[in-house]
Amino acid sequence: MLADHLRDAAVTAAVFGFFASSWFGWAQEAPPPSWRKPLIAATVVSLLTAVAGGLLAWRHASAGTVFDEATSRTFGILVGIEFAAAGVGAVILAVLRRRELIPVWIAFVVGVHLFPVAVIIHYPAVHIVAALITLASLAAVPVARSRSLPVSAVIGVSTGAVLLAGALFSVAVTL
């Protein structure tokens with residue numbers, strides 16, 4: 001379940017922490033009023049975790065990494081495909097006047113793209129994050145509708161929580 005290199009786990013913590021804060025931010029679009037303070041707290045914890053991941057990456061800068069020229073190119077192509085798929089899907093949903101589904105689509109793309117990322121960075125725990133985000137994206141609309149909640153709140157909280165848990169795990173393994 002651990003990464004081959006401590007630096008890669010630390011960078012994962014930084015990236016997941018940053019994006020967790022973004023998802024908690026997205027959840028603040030129109031959440032129930034009682035969710036506001038916990039969402040702000042989760043955003044702050046996520047950002048602090050991102051900073052901790054960055055500091056740990058700096059601390060383990062000489063610990064090695066799976067990234068070389070070929071891996072970096074493959075990773076860049078994968079991220080490019082992710083951004084293109086997220087963008088095209090978001091445009092289609094906007095044209096269809098289904099903007100409320102954009103965060104669900106983006107979460108789905110993020111979840112699916114994390115499966116090959118886990119392989120590229122040799123970090124099996126990322127498969128769990130990928131599976132949970134993908135499942136959250138598939139469950140978000142039915143859960144939101146059954147509880148009369150905004151879809152953005154449901155997918156923002158669930159995706160943010162999974163990313164934060166992955167970030168905290170990555171911090172823990174690098175200490």
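**Working through the model**

Modeller: Leu 48 has its place in helix α2; helices here (H or I, at least four residues) are DSSP runs, numbered from the N terminus. This is a predicted model, in which local features need pLDDT of at least 70, side-chain atom pairs count only at pLDDT 80 or more, and totals for chains, interfaces and linings use all residues. Residues are numbered from 1 along each chain as its sequence is written, and side-chain values use heavy atoms, with hydrogens and water left out.

Colleague: Is Leu 48 buried or exposed?

Modeller: Leu 48 is exposed, at 56% relative accessible area. The cut-offs are under 20% for buried and over 50% for exposed, with partly exposed in between (1.4 Å probe, protein chains only).

Colleague: How far apart are the C-alpha atoms of Leu 48 and Arg 97?

Modeller: Those two C-alpha atoms are separated by 36 Å, and the residues are 49 apart along the chain.

Colleague: And Val 126, buried or exposed?

Modeller: Val 126 counts as buried, with 2% relative accessibility. Val 126 lies in helix α5. Its C-alpha atom is separated by 24 Å from that of Val 141, 15 residues apart along the chain.

Colleague: Switching to charges. How many salt bridges are there?

Modeller: The count comes to two salt bridges, where the rule asks for a side-chain nitrogen of Lys or Arg within 4 Å of a carboxyl oxygen of Asp or Glu. Side chains of opposite charge can pair when their charged atoms come close.

Colleague: Which residue does Glu 69 pair with?

Modeller: Glu 69 forms a salt bridge with Arg 73, and the closest N and O atoms are 4.0 Å apart. Both residues lie in helix α3 (residues 69-95), four residues apart, which is about one turn of the helix. Glu 69 is exposed, at 65% relative accessible area, while Arg 73 counts as partly exposed at 49%.

Colleague: What about Arg 98?

Modeller: Arg 98 forms a salt bridge with Glu 100, with the closest N and O atoms 2.9 Å apart. Arg 98 is partly exposed at 31% relative accessible area, and Glu 100 is partly exposed at 36%.

Colleague: Now the inside. Which residues touch the most other members of the largest nonpolar core?

Modeller: Leu 114 and Ile 133 do, in a core of 41 residues. A nonpolar core is a set of buried Ala, Val, Leu, Ile, Met, Phe, Trp, Tyr and Cys residues joined through side-chain atoms within 4.5 Å.

Colleague: Which helices supply this core?

Modeller: α1, α2 (36-59), α3, α4 (102-120), α5 (125-147) and α6 each supply at least two residues. The largest share, nine residues, comes from α5.

Colleague: How do α5 and α6 cross?

Modeller: Their axes come within 8 Å and cross at roughly 165 degrees. Axes are lines fitted to C-alpha atoms, for helices over the stretch in contact, and angles run from 0 to 180 degrees between N-to-C directions. That makes α5 roughly antiparallel to α6; angles under 35 degrees count as roughly parallel, over 145 as roughly antiparallel, 65 to 115 as roughly perpendicular and the rest as oblique.

Colleague: And α1 with α6?

Modeller: The axes of α1 (residues 6-27) and α6 (residues 151-174) come within 7 Å and cross at roughly 160 degrees. α1 and α6 are therefore roughly antiparallel to each other. The residues of this contact divide into 20 nonpolar, nine polar and no charged. In that scheme, Ala, Val, Leu, Ile, Met, Phe, Trp, Tyr, Cys and Pro count as nonpolar, Asp, Glu, Lys and Arg as charged, and the others, Gly among them, as polar.
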